[in-house]
Amino acid sequence: MMPTAPPKDSAITIGDAEFDRICDFLYRRTGMIFGEVKRHYVDRRLRERIEASGHDSFRDYFTMMLADTDEYERLVSSFTINETYFYREEYQFRCLTTSVLPLVTQHKRRGDTIRLWSLPCATGEEPYSIAIWLLENWASVDDWQVEIVGSDIDTTALRTAAAGLYGARSLMRLPTSVTDRYFTRTEDGHFQLIPDLCSSIRFTRVNVMDRAAMAAHGRFDVILCRNMLIYFDDKSRREAIGNMYDCLVDGGFIFLGHAESMSRVSSLFQVRRFDETILYQKNTETAHG
Amino acid sequence: MPLVRREQTASGGPHGNVPSLSSQDMEQRRQAALALAGDGTALPRLAAALAVETAAPVREALLDAIAGIGTRAAALVLLPALRSDDAGVRNAALVALQTMPSVLPGLLPDLLIDGDSDVRVLAAELARALPPVEATGILCRMLEGETHANVCGAAMDVLAQVGTADALPCLQVVADRFAGDAFIGFAARTAMARIRG
């Protein structure tokens, strides 16, 4: 296969072997998988990093990046889709209601509280998605007190989340009927979440590496921590996973992003395979391994 | 609407009581270990606890706490776990040691000539945590004299990921030495191809 043509203002070419090498590197280091169908996406971001770091070839850049932790993180960040939207990775919400919550409620009494934590919640699309998904798709929702907390390290993002005001692009995956039910359209074309829903989510600032701050949030039945661990090195990832472990009830679940895994860095959880996705469960039966 | 919002947390979190490494409660022991993370003066207590701990979550916290101390003495406490019969313990120790790259260069030469080939395999994997030039040098020196195919394979796997061009002659020598071993030949060719880019 021929190398992808560089943009007009770039002389950098990514060859097939270089493409394979960066894909292999990213897979082994982050779990992110990029194949031929992502060739253009990978090439573009890689060329941007090569140019931004002052290099003019993949070989020089790659050698430098292997020894430069900061550049490694910038490279990984450039491959992470930062954009988020309502019902992103919807199959995980489906798994939540079809498989996880029935297990979570097995040992609860009707009327008990179920606690779910969206971490990091960014600008709020995920915790609000959880709320909307439960209201729309979980027949038992009225039997329980559902507490949803959204946390992030970025206070600007948290302010946006609390405001509940979104552009049309954030709502692109929501059925019109859902949009009509939970949003009102503003004069400038944005969408405002209804006050009942907005006020039902508690937003807090937390650094996942801060054990005491994490512990202050209490214990949760489910933590959604999607597409965050790929930003961390192994040591930090291990620490973050440990902190989340301590914030789960026994038998609690963690949702990670589709390309993430904690199997290599932590033995604290049992891998649970469901029809829709793979999850990690805090299981006291594994405590005496 | 069945969604509730509470400003106060529903539970007191995992730090409700003063934790102790000798507590009967696993969570308490885990919290005690985490509370001592990086405390060099606690190394003897952490080491003693690690020697008898059987609960994986506590053991992982102990390993992290010891690794957080970051000294050679702390690393020496972790090394026996590389010989454990329990794969989970070996892997947990490996991961903990990989977070101590500053002390690894002083430990790896002995580990890479250990009499136990399984330990040498893990030692090769530990080199992954070193800077590429350092990892390449250490692993190539090991490969010069290594005769166990699995150990060579492990070292070449690491070199394929972090090795520099300085590893190419060494990889060719290993491929020639194991000319009858299809796996080693494949591993060497793969490593060389990746390094060449």
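Reader: Where in chain B is confidence lowest, and where is it highest?

Author: Good place to start, since this is a predicted model. In chain B, the lowest confidence falls in strand β1 (residues 3–4), with a mean of 85, while helix α4 (residues 72–78) has the highest, at 97. Across chain B the mean pLDDT is 90, and 94% of the residues reach 70 or more.

Reader: Over which residues of chain B does pLDDT stay under 50?

Author: That happens over residues 10–15 of chain B, and the model has 14 contacts beyond four places in sequence for them.

Reader: Let's turn to cores. Which residues touch the most other members of the largest nonpolar core?

Author: The general idea comes first: in soluble globular proteins, nonpolar side chains tend to be buried together. Here the largest nonpolar core has 68 residues, and B:A33, B:I66, B:L139 and B:A155 touch the most other members. Helix α9 (residues 149–162) of chain B gives the most to this core, with nine residues. Apart from this core lies another, of 62 residues, including A:F86, A:C95, A:L101 and A:I254.

Reader: What is B:A155 in contact with, leaving aside its neighbours within four places in sequence?

Author: You can look for B:A124, B:L139, B:M142 and B:L143 around B:A155.

Reader: And how many residues does each chain bring to the contact between A and B?

Author: Chain A brings 44 residues and chain B brings 34. On the side of chain A that touches chain B, α11(A) gives the most, with six residues. By kind, the residues of that side of chain A divide into 17 nonpolar, 12 polar and 15 charged.

Reader: In what sense do β2(A) and β1(B) pair?

Author: As a general idea, strands of a sheet pair through backbone hydrogen bonds, either parallel or antiparallel. β2(A) and β1(B) pair in the parallel sense, over two bridges. To find one partner, look at A:V146: its bridge partner in β1(B) is B:L3.

Reader: What is the order of the open sheet of three strands in chain A?

Author: The order is β3-β5-β4, with antiparallel pairing. The edge strands are β3 (165–166) and β4 (183–185) of chain A, each of which pairs on one side only. Between β3(A) and strand β5 (residues 191–193) of chain A, the antiparallel pairing runs over two bridges.

Reader: Which residue of β5(A) stands opposite A:Y166?

Author: Look for A:F191, which is the residue opposite A:Y166.

Definitions and conventions. Residues numbered from 1 in each chain as written. Chains lettered and ligands numbered in written order. Predicted model: local features only at pLDDT ≥ 70, side-chain atom pairs only at ≥ 80, totals over all residues. Core = buried A, V, L, I, M, F, W, Y, C linked by C-beta atoms within 7 Å. Buried ≥ 20, exposed ≤ 12 C-beta atoms within 10 Å, placed from the backbone. Helix = DSSP H or I, 4+ residues; strand = E, 2+ residues; numbered from the N terminus. Contact = placed C-beta atoms within 7 Å. pLDDT = per-residue confidence, 0-100. Nonpolar A, V, L, I, M, F, W, Y, C, P; charged D, E, K, R; others polar. Pairing = 2+ DSSP bridges.
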